[in-house]
Amino acid sequence: QPEKNVAVEAGTKWELWGAYWTATAFRNNFDDLLVTLATIGADGVSRNSRLNAGKADTYGIDFEVFGGKRLPENWGSLSYTAAVNWLEGTINSGPFAGRTVEGSPEYTYTASLFYRKPLADDWRLVVSGSYRGQRGGYTASARINNAVKAADFDIFNGLIGVENRQWRLDLSATNLFNKA
């Protein structure tokens, strides 16, 4: 059977301290939630199948801020974003009642900072950094027994370069501290 979902979301947006802020609360009510079951066949090959787990609900809160600042003459500008998200869910009926809905981290965190500075003609220096982290939750492709926790991680990325209206040359690094 197909999974059915009724989603409800309420939020607010405002401006404060030269930045734009949003806060949102949401809830998803599922009928016939589809879950992934991993099994090993007689031939020793792993196979995934989909199964209706019953009624479930997920709920959470998203909180975000973004903005920018022009610095004094010829110093450039900064722009930034940050977000914190929380999600939780429970299967309420069927063979997996009481277990956690899988496939989503419980907490996610993101942030970015971007700096641009005029150089010569229409060329600008660009420097940026970003962060993404997650905590909690269970993986989606494991058994529904919640035995496989999702990995907690923190990943930092960086970039430095030059750009104009037509070209961009940069050096970027992903996962700067080689941790995941």
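The following dialogue examines how terms are applied to a predicted model.

Student: What makes E1 and E2 paired strands?

Tutor: Pairing requires at least two bridges found by DSSP. Here 13 bridges join E1 to strand E2 (residues 19-31), and the two run antiparallel; therefore they count as paired. E1 and E2 form a hairpin with two residues between them, and Trp17 in the turn has a positive phi of about 55 degrees.

Student: Why is strand E1 (4-16) called an edge strand?

Tutor: The open sheet has eight strands in the order E1-E2-E5-E6-E7-E8-E9-E10, with antiparallel pairing. Strand E1 (4-16) and strand E10 (168-173) each pair on one side only, and these are the edge strands.

Student: What makes E1 hardly covered?

Tutor: A residue is buried if its relative accessible area is under 20%. Among the 13 residues of E1, the count of buried residues is zero; therefore none of them falls under that cut-off.

Student: How do you know that strand E8 and strand E9 pair?

Tutor: At least two bridges are needed, and eleven join strand E8 (residues 124-135) to strand E9 (residues 153-163). These strands run antiparallel.

Student: Which residues does Pro105 touch, leaving aside residues up to four places away in sequence?

Tutor: Pro105 lies in the loop between strand E6 (77-91) and strand E7 (107-118). Its contacts are Leu87, Gln134, Arg135, Gly136 and Gly137; they are called contacts because heavy atoms come within 4.5 Å.

Technical notes
Residues are numbered from 1 along each chain as its sequence is written. This is a predicted model: local features need pLDDT of at least 70, side-chain atom pairs count only at pLDDT 80 or more; totals for chains, interfaces and linings use all residues. Side-chain values use heavy atoms; hydrogens and water are left out. Helices (H or I, at least four residues) and strands (E, at least two) are DSSP runs, numbered from the N terminus. Buried means under 20% relative accessible area, exposed over 50%, partly exposed in between (1.4 Å probe, protein chains only).
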